Amino acid sequence: TISTRVRKFDQIRAIAETYDNVWCSVGTHPHNAGEETDITTADLVRLAEYEKVVAIGEAGLDYFYDKAPREAQAEGLRRHIAAARETGLPLVIHSRDADEDMARILTEETEKGAFPALLHCFSSGRDLALTGIDLGLYVSFSGILTFKRSDDLRAIAAELPADRLLVETDAPYLAPQPWRGKRNEPAYVAHTNKVLAEARGVSEDEMARQTTENFFRLFSRVKRPAG
């Protein structure tokens with residue numbers, strides 16, 4: 001369950017503590033970056049010590065809604081990157097209509113030292129996807145991949161290395177076909193996996209196996225289920 005405000009982390013942690021199969025992140029969504037400019041890398045690192053925190057973020061750049069000053073978004077992103085670098089936990093990256101700035105920041109920060117990260121709910125262009133791959137990042141596809149007008153996105157998904165792909169729901173948003181427009185839920189990720197498999201010319205079972213392996217490799221703090 002994703003963190004969007006560090007100041008509300010206690011609520012996120014309570015959900016993770018209530019359910020054995022729920023894990024969480026800690027971070028500030030770019031929409032809220034202007035509210036939490038005082039949250040430091042040290043704050044993120046300290047909260048990430050909690051055992052059910054498996055990721056940093058979600059942080060990034062959103063120039064579509066522009067709900068926070070772009071400077072605050074960029075500064076927040078760099079702080080989250082530093083936390084990911086220090087903790088070794090993957091950074092969940094939100095990027096919308098900000099491909100050039102995102103690629104530049106990720107490149108600059110990688111030059112300071114590598115860090116694990118995921119381009120989450122990917123809907124950006126091919127150049128950003130390939131930049132992410134070159135920098136060692138993973139790319140995750142949501143229900144957007146199943147939409148009729150997502151041919152370009154499916155072409156990108158077909159091109160990327162198999163060991164860097166994930167699927168996700170972004171629930172309760174972005175339900176895949178045939179539930180588009182309805183409330184999304186985790187079970188629907190199977191439909192996104194199906195479309196990803198079709199785009200890559202492999203079986204659904206193989207795609208599910210590969211994305212599952214990729215997930216546990218990236219989110220290494222998550223315990224594999226028994227059996």
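Reader: Where is Pro 178 found?

Author: In this predicted model, Pro 178 is found in the loop between β6 and α7. A cis peptide bond joins Gln 177 to Pro 178, with omega at about 10 degrees. Pro 172 also lies in the loop between β6 (165–167) and α7, and a cis peptide bond, with omega again about 10 degrees, joins Ala 171 and Pro 172.

Reader: What makes α7 roughly perpendicular to α8?

Author: The axes of helix α7 (residues 189–200) and helix α8 (residues 204–218) come within 8 Å and cross at roughly 105 degrees. Since angles of 65 to 115 degrees count as roughly perpendicular, α7 is therefore described as roughly perpendicular to α8.

Reader: Which residues of α7 and α8 make the contact, and how do they divide by class?

Author: From α7 the contact takes Asn 193, Lys 194, Leu 196, Ala 197 and Arg 200, while α8 contributes Glu 204, Met 207, Ala 208 and Thr 211. By class, this contact of α7 with α8 has four nonpolar, two polar and three charged residues.

Reader: Why is the pair of Phe 122 and Phe 141 called edge-to-face?

Author: A pair of aromatic rings is described by the distance of the centres and the angle of the planes. For Phe 122 and Phe 141 the centres are 6.1 Å apart and the planes make 75 degrees; because centres within 6.5 Å count as a pair and planes over 60 degrees apart count as edge-to-face, the aromatic pair is edge-to-face. By this rule the count comes to five aromatic pairs.

Reader: Which parts does the pair of Phe 122 and Phe 141 tie together?

Author: Phe 122 lies in the loop between β4 (117–119) and α5 (126–134), and Phe 141 in strand β5 (residues 138–141), so the pair ties together parts that are 19 residues apart in sequence.

Reader: How many cavities of 30 Å³ or more are there, and what lines the largest cavity?

Author: The count comes to three cavities of 30 Å³ or more, and about 50 Å³ of space lies in the largest cavity. Its lining consists of Thr 28, Ala 33, Glu 36, Ile 39, Leu 44, Ala 72, Gly 76, Arg 79 and His 80. Helix α3 (residues 70–87) gives the most to this lining, with four residues, and by class the lining has four nonpolar, three polar and two charged residues.

Reader: What is the phi of Asp 97, and where is Asp 97 found?

Author: Phi of Asp 97 is near 55 degrees, a positive value in a residue other than glycine. Asp 97 is found in the loop between β3 (91–96) and α4 (99–112).

Definitions and conventions
Residues numbered from 1 in each chain as written. Predicted model: local features only at pLDDT ≥ 70, side-chain atom pairs only at ≥ 80, totals over all residues. Heavy atoms only, no water. Axes fitted to C-alpha atoms, helices over the stretch in contact; angles between N-to-C directions. Helix = DSSP H or I, 4+ residues; strand = E, 2+ residues; numbered from the N terminus. Parallel < 35°, antiparallel > 145°, perpendicular 65-115°, else oblique. Contact = heavy atoms within 4.5 Å. Nonpolar A, V, L, I, M, F, W, Y, C, P; charged D, E, K, R; others polar. 1 Å grid on protein atoms, 1.4 Å probe; cavity = no way out; pocket = protein on both sides within 12 Å on 5 of 7 lines; lining within 4 Å. Points joined across faces, edges and corners; volume = space filled by probe spheres on them. Phe/Tyr/Trp six-rings, centres within 6.5 Å; stacked < 30°, edge-to-face > 60°.
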